[in-house]
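The exercises below concern side-chain interactions, and each is followed by a worked solution. Please keep the sequence and the model at hand while working through them.

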Amino acid sequence: MNDALIADRWQFGFTIMFHYLFPVLTMGLGVLIATLKTLHLRRKDDRYGQLARFWARIFAITFAMGVVTGIPMEFQFGTNWARFSHFAGGVVGQTLFMEGVFAFFAESSFLGLFLLGEKRVPSLVHWFSAVMVAAGAILSGFFIVATDAWMQHPVGYEIVDGRAQLTSLWALLTNPYALSQYPHVISGSMVTASMVMAAVGAYYLLSRKYEEAGRDCLRVGVISGLVFSLASLFPTGAMNGENVTRYQPVKMAAMEGLFRTQEGAPMAIIGMPDTERRDLMDPILVPRMLSYLAYGDFRARVVGLDDYPRDQQPPVELVYYSYHIMLGLGTIFIAVMSLSAFLLWRGTLFRSRWMLWVLMLAMPFPYIANQAGWIVAEVGRQPWVVWGLQRTEDATSTNVTGGMTWFTLLGFMGLYALIGLLYLFVAARIVEAGPGDAVRNGS
């Protein structure tokens, strides 16, 4: 791998992983804000209206960060990945254009109406703006996933003069890879938003301020967190796993550390892949479970890494450990949210300080799980940038050196560290200021 390619991959990986910290919260938070606004109207209880306004301020600064950090990636398609843009621009340009015109426009317009229009428009219009903010965020995620899904499983195209040309927009938007990947992405985003909301609620109760708001945040966060933690495992996680097995079996083999093709393949709970010995060291296995999860048949044949040449295999260790970090954290989320929901049902959650500490300190972990999932999806696709059509080494620009890219990467790292700290400072100030007098006084 040449120096320019390494630098290009590091720069894109760093910028997109930093960027994804923000949409992963807004996609789920938009739904929770719309839920709070609906409760406000149905129960005519201003506490929920105050909470919706409070979380909309968090949403607004997170949305702004997502926009700012998303712009450099689009420039990278032209600067560092010109041959990819030349080859695939006729297809992926369609979904990226639709994301900007339909989803981003709706999300940003109605967010302004929601933040500034509460006393200027009828209550139903204000509620509708909350729903449209949520819909815009969710729709934006779909177009991005559809773009990525085409790179994972190309459909609806033909090659003309060495370039991919779109032949069916419907096929692109109904790509089976996207239809299984998208629900899993959204459920991961809902888990993130739910756990952030529950963490803030736990902080309010532990610090003994805004306690009524803290209890409401915990109710919504814990119930939503439990539902979507379970959904991340089944059905969305199972559907996504089946799809990876069907369309990218070598990625699934790397995820599970399956070096040899087997009938009745086991699922690895833990273990260390040894790529020199071509084996999984010190494993704990669930017999035949991988065959069942992949094909619904305990005796099914699952393809292993040895069925592929080395130059067509992804980096096994990185994919394997990322997958198991995601899977392990997802299991912990289910346990934490199930116990929290049980204590909520028993009426003791708000007094259980140890559980409140757990919920507050758990806030960073859904971000780690989502980042690990992204690594599995994108690194697991290597060495292809477009699966089966264009290798990553053939997608970079030929007139940008590694030194140029490393230099700009350092610039990105410095700038992102600065704006990241600024974001945390502003978010902390909003949380410290609290949801408002109506909630603080329990009125």
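**Exercise 1.** What do the side chains of glutamate 118 and lysine 37 meet in?

*Solution.* The model is a predicted one, in which local features need pLDDT of at least 70 and side-chain atom pairs count only at pLDDT 80 or more, while totals for chains, interfaces and linings use all residues. Residues are numbered from 1 along each chain as its sequence is written, and side-chain values use heavy atoms, with hydrogens and water left out.

Begin with the criterion: a salt bridge is a side-chain nitrogen of Lys or Arg within 4 Å of a carboxyl oxygen of Asp or Glu. Glutamate 118 and lysine 37 meet in such a salt bridge, at 3.5 Å from N to O. Glutamate 118 belongs to the loop between helix 4 (82–116) and helix 5 (123–152), whereas lysine 37 belongs to helix 2 (residues 23–43), so that the pair links distant parts of the chain, 81 residues apart. Finally, consider accessibility, where buried means under 20% relative accessible area, exposed over 50%, and partly exposed in between (1.4 Å probe, protein chains only). Lysine 37 is buried at 3%, and glutamate 118 is partly exposed at 24%.

**Exercise 2.** Which residues are linked with Arg215 in a network of salt bridges?

*Solution.* Arginine 215 meets glutamate 211 in a salt bridge at 4.0 Å, N to O, and both residues lie in helix 8 (residues 211–233), four residues apart, about one turn of the helix. Arginine 215 also meets glutamate 212, here at 3.2 Å, N to O; these two are three residues apart in helix 8, again about one helical turn. Arginine 215 is partly exposed, with a relative accessible area of 22%, and glutamate 211 is likewise partly exposed, at 31%. The network links Arg215 with Asp45, Arg47, Glu211, Glu212, Asp216 and Arg219. Arginine 47 has a further contact to note, since its charged end sits over the ring of tyrosine 48, 5.4 Å from the ring centre, the criterion being CZ of Arg or NZ of Lys within 6 Å of the ring centre and within 35 degrees of the ring normal.

**Exercise 3.** Why is the pair of phenylalanine 12 and phenylalanine 77 classed as it is?

*Solution.* Rings of Phe, Tyr and Trp (its six-membered ring) pair if their centres lie within 6.5 Å, and planes under 30 degrees apart count as stacked, over 60 as edge-to-face and the rest as tilted. The structure holds 22 aromatic pairs. For phenylalanine 12 and phenylalanine 77 the centres are 5.9 Å apart and the planes stand at 45 degrees, so the pair is tilted. Because phenylalanine 12 lies in helix 1 (residues 3–19) and phenylalanine 77 in helix 3 (residues 46–79), the pair ties together parts that are 65 residues apart in sequence. For tyrosine 292 and phenylalanine 298, by contrast, the centres are 4.5 Å apart and the planes at 15 degrees, so that pair is stacked.

**Exercise 4.** Which residues does tryptophan 55 touch, not counting residues up to four places away in sequence?

*Solution.* With contact meaning heavy atoms within 4.5 Å, tryptophan 55 touches Leu29, Ile33, Leu36, Val196, Met197, Val200 and Cys217 under that exclusion.
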